[in-house]
Structure formats: C-alpha cells, structure tokens
Amino acid sequence: MGVMPIVRNPPIKGLPRTGYSFTSGWFVWSVIIYSLETVIVVNVLKERVTNFINQEEKRFDEGIYNVIFFSLLFTHFLLPVAAWRHGHQVAIFKNMWTSYQLKFFKVTGTPINFPNLYAIAWGLCIFSWGLSIAINLSQYFLQPDFKLWYTFAYYHIIAMLNCFWSLWYINCTAFGTASRSLAKFLEETLESEKPAQKLTQYRHLWVDLSHMMQQLVERMLRN
C-alpha cells in the first residue's frame with residue numbers, strides 16, 4: 001500500500017538491519033502506488049461532493065454517511081505526513097528490537113520465541129483487507145448513491161486503519177512474550193547461587209524493554 005517503505009538490509013557489519021531512505025527503490029515504489037491511489041481518491045471525492053451538493057433532497061442519515069466517508073477519504077492525504085515523515089524512527093525502533101533479541105540471547109543463551117508470529121501477522125493482514133472489502137461492499141449495496149467504483153478509493157484506507165491496530169496488537173503481544181521470557185529467567189536466576197552478576201544483566205534487559213515500550217507508545221500516538 002506504500003505506507004511504510006522500510007528496507008531489510010543484508011547482514012553486513014556496521015549496516016543497520018533495517019533501513020529507511022527517500023532514495024530507495026521501495027520508497028519510489030511507494031510513491032508510485034500512492035500516486036495511483038491519489039488519482040482514484042481525488043476523482044471519487046470530487047464526484048461524491050458534487051453529487052451531494054446538487055442533491056435536491058438531503059436526508060439526514062444519508063448526509064451523516066456522506067460526511068463520514070468524506071472524512072475517510074481525507075485520511076489518505078495524511079499518509080506522507082503521518083507515515084513517511086517518521087520512517088527513520090520506525091527503522092530505529094525495529095533495529096532496537098533486533099539488538100534487544102541479540103542481547104537477550106547473549107545473556108540467557110536462549111532466543112525469544114514468538115509463537116505463531118507469522119500466522120498471526122498473516123491472519124491479521126488478511127482479516128484487515130477482508131473487513132475493508134466487506135465494509136465497502138456493504139455500503140455499495142446499502143447506499144443507493146454509492147457506486148461500485150467508489151469502493152476502490154476506500155479499500156486501502158480502511159485496510160490501512162485496520163492494519164494500524166493489528167500492528168499495535170502484534171507489538172503488544174511481542175512485548176508480553178519478551179516480558180514473560182525475561183521474568184522466567186529472572187526467577188530461575190534468583191533460585192540459583194550467586195545471582196548478582198546475572199541480576200545486573202537482567203536489569204539492563206528490563207530497562208531496555210521498558211524503553212522500547214515507551215518508544216512504541218510515543219510513535220503510535222504521533223501517528
């Protein structure tokens with residue numbers, strides 16, 4: 001959808017695992033996709049506003065629906081400001097996660113296991129698009145003035161909003177998994193002999209995890 005064109009760099013020493021650049025091929029691709037979507041959104045918005053203004057009898061419920069769907073179209077134009085402008089910060093956050101997992105492995109000797117991560121991610125992605133399609137097609141059948149080609153201006157917008165909350169869920173689930181794993185090793189260390197050195201390392205892990213959670217909340221609120 002051209003929302004966040006971050007790049008997964010090859011594992012080269014000194015190169016961040018996740019990068020973001022306005023000159024990357026992925027960003028150019030995002031601009032192309034966004035431009036095509038903008039053409040559709042502008043044409044739909046222009047026609048819907050014209051039809052709404054020229055409509056002789058304006059029912060209250062239809063007016064409310066029109067205002068809601070007009071507002072949804074305007075969220076499309078916020079993408080360059082809300083997403084692309086913070087691309088570097090998103091890349092930094094993902095690199096923090098990568099560094100944390102490596103540090104966790106070095107301290108505990110065990111990687112963080114995220115059960116069913118790919119299944120959850122793909123499931124939420126499919127659900128987000130499926131819900132978007134269902135909502136738009138329902139409006140096509142329920143609203144007499146909602147033409148079928150109008151739906152193509154809304155699919156990516158509603159799917160993007162759904163994916164936003166899906167991403168929030170995935171991140172919170174990942175933090176919960178990491179916290180439980182850390183707590184498990186902490187309990188085992190407390191029951192062992194001379195846990196002082198390990199406790200210091202676990203303290204650093206906990207501070208890093210808390211810092212990342214704070215960064216996640218700040219970035220979500222900004223977007």
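Visitor: Is asparagine 116 buried, partly exposed or exposed?
Guide: This is a predicted model, in which local features need pLDDT of at least 70 and side-chain atom pairs pLDDT 80 or more, while totals for chains, interfaces and linings use all residues. Residues are numbered from 1 along each chain as its sequence is written, and side-chain values use heavy atoms, without hydrogens or water. Relative accessible area under 20% means buried, over 50% exposed, and in between partly exposed (1.4 Å probe, protein chains only). Because its relative accessibility is 57%, asparagine 116 counts as exposed.

Visitor: Where is asparagine 116, and what is its phi?
Guide: Helices are DSSP runs of H or I with at least four residues, strands are runs of E with at least two, and both are numbered from the N terminus. Asparagine 116 lies in the loop between α4 (87–108) and α5 (117–142). Most residues other than glycine have a negative phi. Asparagine 116 has a positive one, near 60°.

Visitor: How far apart are the end C-alpha atoms of α4?
Guide: The expected span of a helix is 1.5 Å times one less than its number of residues. For the 22 residues of α4 that gives 32 Å, and the model agrees, with the end C-alpha atoms separated by 32 Å.

Visitor: Which residue just after α4 has a positive phi?
Guide: The buried residues of α4 include Val107 and Thr108. Just after the helix, a positive phi of about 80° is taken by glycine 109.

Visitor: What is the radius of gyration of the chain?
Guide: The radius is taken over C-alpha atoms, and the globule rule is 2.2 Å times the number of residues to the power 0.38. The C-alpha atoms fill a box of roughly 80 × 35 × 25 Å along the principal axes. A compact globule of 223 residues would have a radius near 17 Å, but the chain has 23 Å.
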